[in-house]
Each structure stands twice: as structure tokens, then as C-alpha cells.
Amino acid sequence: MKTIVVTGGAGFIGSNFVYYLLSHSTSSRIVVFDKLTYAGNQRSLQEAIETGRVHFVQGDIADSRQVHALYHRFKPAYIFNFAAESHVDRSIEGPEAFVRTNVEGTFQLLQESRRYWMGLKGRARVDFRFLHVSTDEVYGSLGKTGSFSETTPYAPNSPYSATKAGADHLVRAYHETYGLPVVLTNCSNNYGPYQFPEKLIPLMILNALEGKPLPVYGDGKNVRDWLYVEDHCEALWKAMTKGSPGERYNVGGSNEKTNLEVVGTLCRQLQRAYPAGQNPALLEKGLKDYGKLVVFVKDRPGHDRRYAIDASKIRRELGWIPHHSFDTGMEATVKWYLGHLDWCRRVQEGNYGRQRLGLLKK
Ligand code: NAD
Ligand code: TDX
């Protein structure tokens with residue numbers, strides 16, 4: 001039985017990936033290694049752990065002893081590295097944690113992967129892979145046209161994307177220098193179940209339900225290329241099992257939307273699922289339309305204007321295609337949040353109050 005290690009598996013994409021593995025890799029043992037920061041929550045894995053196929057270990061990827069113990073104990077065939085500090089706004093206020101986890105943490109995983117892989121023999125050595133989950137933000141910001149391909153030069157603009165870029169360079173170097181069988185993926189914005197409510201879509205859904213302002217940064221015309229998280233999970237599994245060592249794959253949904261369009265879509269979806277006219281929080285304010293809650297607020301410092309991914313390589317070489325349109329994905333997402341308000345309350349409790357993050361203090 002293959003053991004698959006999922007670092008950061010208690011976070012948004014990691015937990016979705018664990019559920020994906022449970023249904024698509026039915027004979028593997030899954031080990032989640034997660035520090036459980038504010039963004040990680042074992043609650044997100046509750047049903048997965050109940051299957052008996054998922055083993056949870058609390059630990060820090062930047063701690064070499066813990067990482068060594070992880071490899072020694074579980075002898076993984078595959079490592080998926082999702083663990084990261086992931087919120088751009090928080091990286092503006094406190095970049096240190098981003099350097100430690102995203103750069104140093106990835107470095108410690110690579111060091112241990114190399115040591116461990118060198119000690120493997122036969123088939124186990126040939127099959128071993130380290131897949132590093134990265135982002136389109138490493139490529140910087142686009143103008144009105146064009147898209148990021150695998151050969152676009154890096155130009156990260158936030159401390160978050162700079163630390164992700166640093167990690168990507170290390171991953172690449174461990175292949176070039178030591179031959180470590182790594183695969184690198186750079187994906188666009190994900191949305192779906194279990195996303196921590198500091199990110200645009202869940203924040204807007206929860207604020208709207210509570211009749212709170214929907215804070216749109218700047219003019220709301222920044223563009224992101226949205227991908228439903230399950231489609232990302234499928235791309236990662238394909239990249240691991242069919243991709244070639246040393247290769248990089250860009251992943252994106254070709255769903256470019258301005259932030260205002262995203263907020264408009266989710267307000268319409270909410271209106272269908274729970275009309276504002278029946279929501280006491282909106283009735284109290286005399287509002288019959290969630291869209292009336294939109295407010296324009298001070299822009300994010302260094303706010304990237306537009307991201308767009310050219311995913312033709314992974315489509316062509318690995319046969320990956322996204323299955324969710326933006327409308328079906330958003331409908332599923334709104335439904336999920338409406339059905340999981342208890343999860344939302346518990347992950348925020350004592351941790352985060354949906355306050356504005358990432359403004360520079362004078
Ligand atoms: P997230 O913030 O929801 O989850 C991150 C997880 O990593 C949490 O469970 C957290 O506890 C854990 N973690 C943090 N520091 C750790 C450490 N030092 N050791 C072990 N675990 C640690 O993030 P996400 O949105 O699920 O993103 C997962 C990965 O995908 C990240 O690497 C991110 O850069 C990348 N990515 C995210 C998106 C997106 O839209 N969310 C898009 C492209 C790529
Ligand atoms: O309250 C808000 N208002 C607003 O207008 C928030 C939280 C965000 N925004 C804007 C900023 C961005 O243009 O919405 C857009 C999306 O913001 P985030 O959800 O913070 O995502 P983004 O900065 O695009 O980064 C995300 O996608 C790439 C993930 O958080 C990263 O981890 C991933 O690498």
C-alpha cells in the first residue's frame with residue numbers, strides 16, 4: 001500500500017485534496033502533516049479521518065527534526081506540499097511567517113526528501129515524487145491582454161508571492177542539481193468548500209448573510225482566473241501520476257472575472273438560495289438585494305491587477321480539463337457555505353473576526 005503525505009492537509013485545498021484522494025486513490029494510506037495554524041482545522045478532515053485511511057500528524061515543515069521523523073515513520077511514495085502561509089493581506093502585515101514556512105519549510109522538506117530518496121532502492125526510488133503546489137502570483141501582474149505560461153519570467157509583487165517564488169526556485173534547483181524527482185504546479189485562484197473566511201469569496205458570502213458591508217478593494221476591476229478546487233485537485237493528481245520529473249504545469253480555469261463580477265455572481269446565487277427579502281439581517285436594514293451591501297474600500301498595497309493562466313500544457317500533455325464552470329462552481333460553493341455555517345463559526349472563533357487585513361500602518 002502506497003503512503004501519500006499531504007502537508008498542509010488541514011487547510012482549504014489540502015483538505016479538498018484528501019477527499020479527492022479518498023475517492024480516486026482507493027488503495028493508498030494518506031498522512032496529513034499540518035501545523036494547524038489559524039488557517040488549518042482538523043474539523044475540515046473529520047469525515048476523512050473517520051474512514052480510517054487518513055492519519056493526522058501535527059507538525060511544522062520548517063522543523064527539520066519533525067520532518068525527518070515524518071519520513072522515517074511513514075516512508076512515503078509521494079509528497080504533496082500544500083503547507084504554506086497563503087493570504088496576501090497577512091503577508092503585508094507580517095511577512096516573517098511567510099519566509100519561515102514558505103521558504104524555509106519547503107527547504108527542509110527538500111533536504112529530507114533528498115536524503116530519503118537517496119536511500120530508496122529499486123522501484124521505490126524510481127516512483128518517488130515530490131509535488132510542490134504553487135501559485136500564478138509568482139509571475140506578477142498582467143496588463144489587459146496575455147496570460148502566464150510555464151516560461152513566463154517570475155516577478156512576484158507581494159511578500160506572499162515572493163516567498164512562493166523563492167520556494168519554487170529551490171524546488172527547481174533540487175531537480176537540476178541533485179536530480180530529485182520533483183513536479184511543480186502553478187495554479188490560479190481556487191474557490192470551493194473549506195476555504196478560510198478571510199479570502200474574497202467566503203468573506204463576501206458570510207458578510208452578505210449577516211447584512212455586513214462587502215468590502216471591494218480599489219475599483220473592483222482587478223481580474224482573477226477562478227478555478228473550482230476539485231478541478232485543481234484533479235490536476236495535481238494527474239501531475240503527480242502522469243507528469244514528468246522536473247516539469248512544471250500551469251493550472252487555471254480560463255474563468256477571468258473582475259472582483260465586482262465575482263461579488264455580483266455570488267449575490268445572485270445567494271438571492272436564489274436565500275432571498276434577501278427573507279433574511280432578517282437585510283430586512284432590518286430595509287434591503288431586498290445583497291448587492292446593495294457592496295462598499296469600495298482602500299486598495300490593497302501592491303495589488304496585482306490581472307492574472308490569467310495559459311493551461312494548454314497540462315491540457316495537452318496530461319489530458320486535464322476542468323469540469324466546473326464558474327456558475328456551477330459558485331452555486332455549489334454558496335450552497336456549501338449555507339450548509340456549513342457551524343464550520344464557519346468554529347474556524348473563526350477566537351481566531352479571526354473578518355476585520356480588514358493588510359493595510360500599511362503609518
Ligand atoms: P490555507 O492557508 O487554507 O492552508 C494552509 C495549510 O498549511 C493550513 O492547514 C496550515 O495549518 C498549514 N500550515 C501552515 N504553515 C505550516 C507549517 N509551517 N507546517 C505545516 N503546515 C503548515 O492555504 P490554501 O489556500 O489551501 O493553499 C494551499 C497551497 O496552495 C499553498 O501552498 C498556496 O500557496 C497554494 N495555492 C493556493 C491557491 C488558492 O487560491 N488558495 C491558488 C494557487 C496555489
Ligand atoms: O475583502 C476583500 N476584498 C477584495 O476586494 C478581499 C479579501 C479580497 N479582495 C480582492 C483582492 C483580490 O484582487 O479580491 C481578490 C481576491 O483576493 P484573495 O481572496 O485575497 O486572493 P488573492 O490575493 O488573489 O490570492 C489567492 O489566489 C492565489 C490566494 O489567497 C493565494 O493563496 C493564491 O496563491
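Hi everyone. Let me begin with a pair of side chains: Glu-198 and Arg-90 make a polar contact of 2.6 Å. Before I go on, please keep in mind that this is a predicted model.

If you want to find Glu-198 on the screen, look in the loop between strand E7, residues 190–191, and helix H8, residues 200–209. Is Glu-198 buried or exposed? Its relative accessible area is 6%, and buried means under 20%, so Glu-198 counts as buried.

Leu-36 sits in the loop between strand E2, residues 29–34, and helix H2, residues 46–50. Its phi is near 60 degrees, a positive value in a residue that is not glycine. Leu-36 is partly exposed, with a relative accessible area of 24%. Lys-75 also has a positive phi, near 45 degrees, and is not a glycine. You can find Lys-75 in the loop between helix H3, residues 64–74, and strand E4, residues 78–81. With a relative accessible area of 52%, Lys-75 is exposed.

Leu-36 brings us to the ligands. One of its backbone N or O atoms lies 3.4 Å from an oxygen atom of ligand 1. How many residues surround ligand 1? There are 28, and the closest are Ile-13, Asp-34, Ser-86, Tyr-160 and Lys-164. Let me zoom in on two of them. In the side chain of Asp-34, an N or O atom is 2.6 Å from an oxygen atom of ligand 1. For Lys-164, a side-chain N or O atom is 2.7 Å from an oxygen atom of the ligand.

Next comes ligand 2. Around ligand 2 there are 20 residues, and those that come nearest are Thr-135, Glu-137, Tyr-160, Arg-300 and His-303. A backbone N or O atom of Ser-86 is 2.8 Å from an oxygen atom of ligand 2. For Leu-200, a polar backbone atom is 2.9 Å from an oxygen atom of ligand 2. A backbone N or O atom of Tyr-217 lies 2.9 Å from a ligand 2 oxygen atom too.

Let's turn to the second largest pocket. It holds about 200 Å³ of space. Which elements give two or more residues to its lining? They are helix H1, residues 12–24, and helix H9. Among the lining residues are Asn-16, Tyr-19, Tyr-20, Val-229, Glu-230, Cys-233, Trp-336 and His-340. By class, the lining has eight nonpolar, two polar and two charged residues.

I'll finish with helix H9. It has 14 residues, 229–242, and at 1.5 Å a residue it should span 20 Å; the end C-alpha atoms are 20 Å apart, so the two agree. An α-helix has 3.6 residues a turn, so residues three or four places apart point the same way.

Notes. Residues numbered from 1 in each chain as written. Chains lettered and ligands numbered in written order. Predicted model: local features only at pLDDT ≥ 70, side-chain atom pairs only at ≥ 80, totals over all residues. Heavy atoms only, no water. Helix = DSSP H or I, 4+ residues; strand = E, 2+ residues; numbered from the N terminus. Expected span 1.5 Å × (residues − 1). 1 Å grid on protein atoms, 1.4 Å probe; cavity = no way out; pocket = protein on both sides within 12 Å on 5 of 7 lines; lining within 4 Å. Points joined across faces, edges and corners; volume = space filled by probe spheres on them. Nonpolar A, V, L, I, M, F, W, Y, C, P; charged D, E, K, R; others polar. Near = heavy atom within 4 Å. Polar contact = N/O pair within 3.5 Å; in protein donor to acceptor, adjacent residues only side chain to side chain. Buried < 20%, exposed > 50% of the residue type's maximum accessible area, 1.4 Å probe, protein only.
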